[in-house]
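Open your viewer and get ready to select residues by chain and number.

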Amino acid sequence: MVTLGDYLFVSGLLFTIGFAGVLLRRNIIIIFMSLELMLNAANLSLVAFSRFRTDSLGLPNYHAQVFVFFIITVAAAEVAVGLAVIVALYRARRTIHVEDISTLKY
Amino acid sequence: MIPTPALEIVVLVWGLVLLLAEAFVDKLDKRVFAIAGIVGLVAVLLGSFFLAPPPPAASTGFWSFYTADPLAIFFKRFALATTIFILIMAIDYAPAIRMGVPGANPQAGLGEFFALPIFTCAGLMWMASAIDFVMIFVSLELVTMSFYVLVTFTRRNPATLEAGVKYLILSALSTGFLVYGITWIFGVTGETNLARIGAVLARQDFDHVPLLFGFALVLVALGFKIAAVPFQIWVPDVYQGAPTPVTAFLSVGSKAAGFVVLLRVLGPFSILPQVGKLLVVIAALTLIYGNFAALPQTNLKRLLAYSSIAHAGYLLIGVVCFAGTAVAFYLVGYLLMTLLCFAVVVLVAADGGEQIEDYSGLVRRSPFLAGAMLVGMVSLAGIPFTAGFLGKFFIFDAAIRQGQTLLVVIGVITVGCGFYYYLKVIRAMFWLPPPNDAPVIQISPLSRGAIGLLIAGIFVFGVYPQPILNALNPPAPVAVTAGR
């Protein structure tokens with residue numbers, strides 16, 4: 001039997017992998033992918049919480065499932081705008097590595 | 001009588017209409033769309049004074065997501081006023097947009113640059129009304145996503161692109177934290193509505209550790225929006241690289257909306273004893289970092305970025321004390337003086353630069369602009385008879401009443417620090433000689449009027465704060481907790 005704890009563990013793992021990817025990777029596309037992973041970690045635990053918090057009739061708590069749809073939609077919009085920005089960066093600089101974008105320094 | 005939700009819908013539809021109309025009109029001077037946007041927003045601003053009273057708060061349906069309390073109405077007007085001034089600034093910034101956007105059409109990008117702030121404004125207005133985490137998330141993302149585009153707008157300029165990418169990555173990261181934090185808060189309480197979360201927390205029968213974990217993650221995301229230390233790393237680069245009107249919009253609109261959401265979210269969570277201590281530490285760090293890091297700056301936009309971090313520190317003192325009215329008044333003063341400074345930066349940068357040395361002898365090139373910048377700087381520094389002084393006065397007053405002596409001491413010391421870097425700009429303008437070939441700066445009547453209005457506002461609210469304080473009376477639910 002899969003418990004709530006198992007789902008939360010996997011979701012925490014996904015979140016950590018995503019966060020580590022943002023901190024450690026140097027390619028902006030990979031960083032962006034890791035950010036999406038963090039959002040999906042939240043989606044997974046929201047659905048798990050929803051399934052395991054049943055009301056008196058045994059129905060799941062639908063607040064969380066509706067929230068997941070909002071997160072998916074917003075994440076899609078974010079990817080659309082974000083990739084456009086990254087493409088513009090690549091056209092101007094011919095690079096998508098974070099070490100190469102450091103003209104703004106104090 | 002207008003129902004409150006109609007305000008946002010009108011703003012959004014007007015933005016869409018302008019964006020569509022812009023796509024089909026090639027010959028026309030695109031600055032017409034900025035004027036149309038300003039007219040539309042002024043109409044909505046006037047409409048906000050004829051609102052139908054909101055129905056009593058409901059536990060389900062639309063009104064469990066959206067509130068029309070005085071705090072919300074106040075910050076809707078705040079967002080509208082900010083956007084109007086930003087559009088006026090954007091008209092003056094049009095030549096720089098033409099240089100910065102690639103395209104065969106000499107007017108490429110202008111229409112979008114005037115339409116996007118209107119969408120941001122709708123997002124800010126929804127943020128002011130959001131009382132459910134779903135609504136907070138979606139409206140916050142609407143604001144952030146329109147800022148992704150605006151910050152990167154002049155994409156021929158490498159500094160702007162770099163600022164845009166940094167904003168994109170760090171903002172998306174903060175979104176990840178926000179969503180994961182909300183998840184854990186939902187997991188503990190089973191609710192997304194702030195009032196119902198408050199009811200669950202009041203029963204005291206919940207798991208503290210996961211709830212605090214979730215709340216801390218939400219606080220990280222909001223700290224990013226309001227530029228509090230240690231989540232301020234993006235601010236100096238993005239403020240310096242972004243187009244100047246967008247920088248002004250970020251520093252006023254985005255920050256103010258972040259503070260409204262912070263006040264609302266803190267409402268139910270303030271019963272946790274750890275929250276107050278955490279906020280005191282963040283406020284103290286923000287004050288110290290913002291003010292001391294501003295001292296050696298030579299680029300005026302970067303200086304204003306650090307100054308905006310410092311002001312977030314003063315505002316956080318107000319938040320720690322739950323002084324909703326003091327925070328609202330401080331934000332109004334902050335709006336007036338920050339927009340004033342950025343309006344001058346836009347006009348001076350048109351034929352100069354953004355370094356402080358480019359402001360040498362500004363008084364000979366344009367006494368009006370030098371006078372405006374002087375008023376902005378003395379108000380930011382907090383000299384009496386300006387809105388900036390009275391804002392700090394209310395905040396410190398609230399802090400002393402709540403016994404936050406440490407924060408008051410740090411606050412007063414850092415105000416002294418602020419005098420140094422703000423007066424550095426004044427010294428350049430009035431005491432240093434201008435470069436020989438510097439032309440006299442031309443100012444359009446619209447900008448002259450807007451700058452005049454901002455100066456008048458600073459002095460009027462500096463001696464007569466009553467209208468702002470009354471606007472939040474009867475006090476908003478957030479302000480009620482001040483009397484605990």
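**Stop 1: confidence**

Select helix H1 (residues 4–24) of chain A: among the elements of chain A, this helix has the highest mean pLDDT, 95. Now select helix H3 (residues 62–93) of chain A, which has the lowest, 93. pLDDT is the predictor's confidence in each residue, from 0 to 100. Helices are DSSP runs (H or I, at least four residues), numbered from the N terminus. Color chain A by pLDDT: the average is 90, and 97% of the residues score at least 70.

This is a predicted model, where local features need pLDDT of at least 70, side-chain atom pairs count only at pLDDT 80 or more, and totals for chains, interfaces and linings use all residues. Residues are numbered from 1 along each chain as its sequence is written, while chains are lettered from A and ligands numbered from 1 in the order in which they are written.

**Stop 2: where the chains touch**

Show both chains. Here 33 residues of chain B are in contact (C-beta atoms, placed from the backbone, within 7 Å) with 35 residues of chain A. Select helix H5 (133–151), helix H6 (158–189) and helix H9 (234–241) of chain B; these elements each give two or more residues to the side that touches chain A. H6(B) gives the largest share, 17 residues.

**Stop 3: a partner list**

Which residues is Leu340(B) in contact with, leaving aside its neighbours within four places in sequence? Select Ala372(B), Val375(B), Gly376(B), Ile451(B), Leu454(B) and Ile455(B).

Technical notes. Contact = placed C-beta atoms within 7 Å.
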